[in-house]
Amino acid sequence: MGRTGLRGRGRLHCFGPNHALHPIVTRWRRNSDGSIIRKSLKKMLEVLVAQYPLSDVWALPGGSLEPGETLPLKLKWILRREFWPQFQNLLKQGTEIHKGYLDDPRNTDNAWVETVAVSVHFDNQNDVEMKRLNSFLQGCDPELCIRWQVLDKRIPLHANHKELLHKVSALLGAYY
């Protein structure tokens, strides 16, 4: 964290802070009988991840916020329009785990990413909101793929997203 030695706005939209929202949606990983899977005596999590067009890595479903937006465009791609208000309510009930500067390979001395990361955890496998979320996900197509991924430090995600996932696993006392 600090000076990058790079000038200008680089690949970011504007000079100064570039705001982002990263919802971290998790649930417990379960066996077919419904019991929670453990590793090293800690419960294991699954996290909702997306692979966007022209990208070879998975990412948290979120991204840059344009002025006046409450949900990032990338998140809107994932969710059907009729679920947007319900998802905003889930975010309001979630736990903020990070707010502010975030190390990002796109950061320069003149433009940087500031994000709000919110943890939304479904404790119960029969949670009505989780079932509703699953039904409103766009699924996999040539443009976008979304899935539940086992949370592990080796998960192929953007480096700054791994830092956020580590915070969530610590918050929930889960394996990382």
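F87 has a relative accessibility of 2% in this predicted model, so F87 counts as buried, the cut-off being under 20%. F83 is buried as well, with a relative accessible area of 0%. The two residues form an aromatic pair. Their ring centres lie 6.3 Å apart, and the angle between the planes is 55°. The pair is classed as tilted because stacked requires planes under 30 degrees apart and edge-to-face requires over 60. The structure holds 1 aromatic pair, and F83 with F87 is that pair.

K76 lies over the face of W84, at 4.9 Å from the ring centre.

Read from the N terminus, the order of elements is β-β-β-β-β-α-α-β-β-α-β-α. The C-alpha atoms fill a box of roughly 55 × 40 × 30 Å along the principal axes. For 176 residues, a compact globule would have a radius of gyration near 16 Å, and the chain has 16 Å, so the two agree. Of the 176 residues, 43% count as buried. Among contacts with a separation of 6 or more, 66% join residues 24 or more positions apart.

Helix 3 spans residues 128–136, and M130, L133 and F136 are buried in it. Why can these residues be said to line one face of the helix? Viewed down the axis of helix 3, the buried residues fall within an arc of 130°, so they line one face. At the N-terminal end, helix 3 is capped by D127. A side-chain oxygen of D127 lies 2.7 Å from the backbone nitrogen of E129.

The loop between strand 6 and strand 7 holds D109 and also R106; strand 6 covers residues 95–101. Is D109 buried or exposed? Its relative accessible area is 18%, so D109 is buried under the 20% cut-off. Leaving out residues up to four places away in sequence, D109 touches R3, T4, G5 and L6. The contact with T4 includes a polar one: the backbone nitrogen of T4 lies 2.6 Å from a polar atom of the D109 side chain.

R106 has a relative accessibility of 28%, so R106 counts as partly exposed, a class that lies between the 20% and 50% limits. With residues up to four places away in sequence again left out, R106 touches R11, L12, A111 and V113. R106 can also be placed relative to K162: the two residues are 56 residues apart in sequence, and the distance between their C-alpha atoms is 16 Å.

Note on methods: Residues are numbered from 1 along each chain as its sequence is written. This is a predicted model: local features need pLDDT of at least 70, side-chain atom pairs count only at pLDDT 80 or more; totals for chains, interfaces and linings use all residues. Side-chain values use heavy atoms; hydrogens and water are left out. Rings of Phe, Tyr and Trp (its six-membered ring) pair if their centres lie within 6.5 Å; planes under 30 degrees apart count as stacked, over 60 as edge-to-face and the rest as tilted. Buried means under 20% relative accessible area, exposed over 50%, partly exposed in between (1.4 Å probe, protein chains only). A charge sits over a ring if NZ of Lys or CZ of Arg is within 6 Å of the ring centre and within 35 degrees of the ring normal. Helices (H or I, at least four residues) and strands (E, at least two) are DSSP runs, numbered from the N terminus. The arc is that of the directions from the helix axis to the C-beta atoms. A polar contact is a pair of N or O atoms within 3.5 Å; within protein, one must be able to donate a hydrogen and the other to accept it, and residues adjacent in sequence count only if both atoms are side-chain atoms. Contact means heavy atoms within 4.5 Å. The radius of gyration is taken over C-alpha atoms; the globule rule is 2.2 Å times the number of residues to the power 0.38.
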